[in-house]
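Hi everyone, thanks for coming. Let's have a look at today's structure together.

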Amino acid sequence: MKKRSLEIHIDGASEGNPGKSGIGVVISEDGEVINNISKYIGETTNNVAEYMALIFALQEALIIRASEVIVKTDSQLLCNQINKSFKVKSGNLKALFEQAQHMISGFDGFKIVHIPREQNKGADKLATK
């Protein structure tokens, strides 16, 4: 069976903080976009929206049986918390952090990297739709 490697751009957006929120996910394999996810997730904070984008992305990657995943996000907080360089202090993020870590354990390889907002236009557009 061929190992599937995915590159996933994620973004969460809130109108106000908290406010009406959405997520955007762009999943690519071998440089081709294979799936876009755009979802309204209700009233929440920007950080919760970022975590929800990650969780939807990881779920989708597990469903399509990816073995390796590189996630690109413009959220420095999310990136640093998932990489365990920042502690998760917020109670409403702790459960989402633990869920994400559990899902990450389902991959042979996982990496999350911080990118500038300008390099995340596709996911941003889906999150604010």
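So, what volume does the largest pocket have? Keep in mind that we are looking at a predicted model. In this model, the volume of the largest pocket comes out at about 190 Å³. If you sort the lining by class, you get four nonpolar, five polar and four charged residues.

Most residues other than glycine have a negative phi, and most peptide bonds are trans. Now look at the loop between S1 and S2, where Pro 18 lies. The peptide bond from Asn 17 to Pro 18 is cis, and its omega is near 5 degrees. Moving on to the loop between S2 and S3, we find Asp 30. Asp 30 is not a glycine, yet its phi is positive, near 55 degrees.

Finally, the helices. How do H1 and H3 pack? Helix H1 (residues 46-63) and helix H3 (residues 91-104) have axes 10 Å apart, at an angle of about 20 degrees. Angles under 35 degrees count as roughly parallel, so H1 and H3 are roughly parallel to each other. The crossing of H1 past H3 is left-handed. On the H1 side, the residues making the contact include Tyr 51, Ile 55 and Leu 58, and on the H3 side they include Leu 93, Phe 97 and Met 103. By class, the contact of H1 with H3 has 13 nonpolar and four polar residues, with no charged ones.

Technical notes: Residues numbered from 1 in each chain as written. Predicted model: local features only at pLDDT ≥ 70, side-chain atom pairs only at ≥ 80, totals over all residues. Heavy atoms only, no water. Axes fitted to C-alpha atoms, helices over the stretch in contact; angles between N-to-C directions. Helix = DSSP H or I, 4+ residues; strand = E, 2+ residues; numbered from the N terminus. Parallel < 35°, antiparallel > 145°, perpendicular 65-115°, else oblique. Left-handed = near helix turned anticlockwise from the far one by under 90°. Contact = heavy atoms within 4.5 Å. Nonpolar A, V, L, I, M, F, W, Y, C, P; charged D, E, K, R; others polar. 1 Å grid on protein atoms, 1.4 Å probe; cavity = no way out; pocket = protein on both sides within 12 Å on 5 of 7 lines; lining within 4 Å. Points joined across faces, edges and corners; volume = space filled by probe spheres on them.
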